[in-house]
Structure formats: structure tokens, C-alpha cells
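Reader: I've got a fold to look through and would like to talk over its helix packing, charge pairs and surface. Can you take me through it?

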Amino acid sequence: MIYYFAILSSLFLLHFFANDCSVLFKKIVTVICALFYCTSYMNGSDWRSYETIYDFLTLNFSDYNPLIHLEIGFYSLQFLFNYVGVGFWSFFIAIKFICFLVFSKVIYSFSAKMYFLNLACFLSFFGLYLFIDAPLRSVIAIAVFLLSLNYLMNKRIIMFFLTVFIGSLFHGASIFLVVLYFVVYREYKTTTLIVGFVAINLAVALLMPVIIGALGFLLGNISFLSSKVENYIENKSEFGLTSSFLSLGYLIRVILFIVMIKLRSVIENIFGRIYFNLIMIYFFTYVLALGFSVFYRINLYFSVFFVLAFCCSIFLVQSKLKLGSLLFFTIYCFLNTFLIVTHDYKYVPYTSYLNYIFEEKPSFYYRSNYNYKHSPFTNPEDMKKTEDI
């Protein structure tokens, strides 16, 4: 766990004492962070299925099966790397590394002076899940979406739709982003946003128990459909943490929403209406995710705009509030990291592929079971998984 806190501490210290450093130095720091987050070896969960699929790919593209090999874009990317003789872990790390740089470039574009703080916020809230747990299909799709922001900002709609389509070839949820064309260019009245936010909170809080009960009654005897629906509506985020209207995370986001509304004119003057609307979309999809966990996948596409909202709330508030806001922000980043890291087996102990470059690689069985057996945060349910590997 100390590694994660060391990275965060370094970024906060750099913000306070090296904020005016050169662009080259910031790039070096970014690469160091990328090496740490992208070369994790026995951590996470999804790599097990990815490695199995990758190692058993045949060099015959006609063997593609969407039920086994997932989206065609992801399969094609694996096929290409496999075809030229690249091993799975070289492929896995290289793709994560490229995506990490895409995320960091967008975060840097928000504010060069706030870059270290923005990066610390992103890594605390989203970096662990995206690059240590590493749902690679989602990571690629989100990175592709971030690359499309330029087209969205400049109203190059055909190119935006094309980029969204490419992203959907890696994760089907990306197709939802087509809706942005009909949403982000409009100017919404502040009262409309407030009423809409309150309404969606009430709808999720009051109607979800009724919907869950009705679906449980209708599908109770169909175990397959019942379990599928449960996965989509249970109140867990992609990080595995239970989310609710009584959580600190929810309270923080409600406060941030209010602050963003108060600072609306300033944010629109600096970043433009489209970015403000994307910030609003983050908050609305977050609330929807409290009722339907599938919306966390969509919410992740707007993760960088949560970072933007968080940092704007610090540096655009009155001067006398900045120090207190920054102190609270720092504590909350560390607390959030602690909660994610200690929730299950995926993050501790941390292992890096770099330590095994010149050594004999452990077997799949050893690697797959390593964190299950050695993490102090393994749940009894996780231990049962070792019996099936």
C-alpha cells in the first residue's frame, strides 16, 4: 500500500514545490507514474481472461467468435500483436501505457499549472481501477473517446461519430456516446439542471426499490436472467465499493455539483459550454449508477471531467477558502485510495512485471493465485475462486 501513497504524496509535493517546472520534467513524472501503474503484474482481475484468450488465439482470423473473443476491435488488436510474435504481457503493458498517456494529455490540457494535482486526483479516484485492475477493453474505449473530444469541440461531427464507432469496437458501451451530439451543444438553464438533478436523485432513491422488487418477483424463477439483472442494478461501483445515498462519496459529489452550478459562468468562460455540460453529464450518470451499476461503465468515460470539477472547486473559489479546500481534497484523495486498496485482493501486494524481465516467469497458476493467497484484504468469496483455477 505504501507504493500507492508514495505516488500520491510525491504528486502533491510536486504541486506545492515544483509547480512551475518545465514541460519535460512533467513528462518524466508522467512516464514514471505510467511505469508504475501500467506494469502491475499479479494485481487486478481481468488479465486472467485476457491472457487465456490471447495465448489460445489461432492465426486464422476466421476463427473469431464474439462470445469468446469479445468485441471485434479488441480481438483484432490482440490478433495483430499475436501474429507478429509479441507476448501477452508486452501487449498488455504497451496498450495500457499508450492509454495512460492519452488520459494524462487530456488532464494536462485542463491546466498545466494544476497538472500534478489533477493527476493525483485522477489516480486516486480512477487510476487504480483503470490501470491496476485494468479492464483493458474499457480503458481503450475511454481513451478513444478522449481522442474524439477535439472533434466534438470543433463540431466535426462525422469524425466524432467515426471515432465513437471505433471505440465501440473495443467496448460496446461506447455507442452510447453518440447521444452526446444531441446534448453537449445546448445551453441549459441553471434551474433546469438543478431540477433535473434533484428529480433524478429522487427517482433513483424512491423508485429503485420498487423496480428491484418487481424484477425479483418476475425473474425469481429464472436464475440466469435474475443474476444478470442483479449485476446491472446492484449498488456497487466498478471499484467494488458499495455506493449509496448515505456515502461520503455521494455527499462530496452533491457538494461539487452545487459548486459547479455556482461557478458555471467562470467555468464556461475558461473551458467552454461543452466542457461544462460534460461535467454535468458526469454527475447525472453517477446518480444513475447508484441505481443501475451498469452506468458506472458509462460514468467512467467522463472521469476526467470529475477531475476538472474537483480542481475547479479548489482554484475558482474565494481565496480564503482555497487552503481549507485543498487540505480537505488532499485528505479525501488519500482516504479514497485507502478504501479502494483495502477493499479486496486486487491491489496489495503490488508486483511489477519489470522485476521479472530477466527472470524466469512464474506460471499462470502461480500468478493467478498470488494475490488471492498473499493479500491481507482477500475476502472469503475470493478464496473460493482459487479452487476453480
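Reader: What is the handedness of the crossing where H12 passes H14?

Author: Bear in mind that this is a predicted model. Helix H12 covers residues 248–262 and helix H14 covers residues 273–291. Where H12 passes H14, the crossing is left-handed.

Reader: Are H12 and H14 roughly parallel or antiparallel?

Author: Two packed helices get described by the angle between their axes and the distance between those axes. Here the axes of H12 and H14 come within 11 Å and cross at roughly 155°. An angle over 145 degrees counts as roughly antiparallel. That makes H12, relative to H14, roughly antiparallel.

Reader: On to charges, then. How many salt bridges does the count come to?

Author: A pair gets in when a side-chain nitrogen of Lys or Arg sits within 4 Å of a carboxyl oxygen of Asp or Glu. Asp133 and Lys346 qualify, at 3.2 Å from N to O. By this rule the count comes to five.

Reader: How many residues apart in sequence are the parts that Asp133 and Lys346 tie together?

Author: The side chains of Asp133 and Lys346 meet in a salt bridge. Asp133 belongs to helix H7 (residues 115–133), while Lys346 sits in the loop between H17 and H18, so the parts tied together are 213 residues apart.

Reader: Which residue forms a salt bridge with Arg273?

Author: Arg273 is partly exposed, at 33% relative accessible area. Its closest N and O atoms with the partner are 3.5 Å apart, and that partner is Glu187. Arg273 is in helix H14 and the partner is in the loop between helix H9 (157–168) and helix H10 (190–219), so the pair ties together parts 86 residues apart in sequence.

Reader: Glu268 and Arg264 are both in helix H13, so what separates them?

Author: Glu268 and Arg264 form a salt bridge, with the closest N and O atoms 3.1 Å apart. They are four residues apart in helix H13 (residues 264–271), so the separation is about one helical turn.

Reader: Last one: what is the accessible area of the nonpolar patch that includes Leu354?

Author: Leu354 lies in the loop between helix H17 (319–341) and helix H18 (364–374). Leu354 is partly exposed, at 42%. Val31, Leu35, Leu101, Leu354, Ile357 and Phe358 make up the surface patch, and together their accessible area is about 560 Å².

Terms used. Residues numbered from 1 in each chain as written. Predicted model: local features only at pLDDT ≥ 70, side-chain atom pairs only at ≥ 80, totals over all residues. Heavy atoms only, no water. Patch = residues over 30% accessible without salt bridge, like charges linked within 9 Å, V, L, I, M, F, W, Y side chains within 5 Å. Areas by Shrake-Rupley, 256 points an atom, 1.4 Å probe, with all protein chains shown as cover. Helix = DSSP H or I, 4+ residues; strand = E, 2+ residues; numbered from the N terminus. Buried < 20%, exposed > 50% of the residue type's maximum accessible area, 1.4 Å probe, protein only. Axes fitted to C-alpha atoms, helices over the stretch in contact; angles between N-to-C directions. Parallel < 35°, antiparallel > 145°, perpendicular 65-115°, else oblique. Left-handed = near helix turned anticlockwise from the far one by under 90°.
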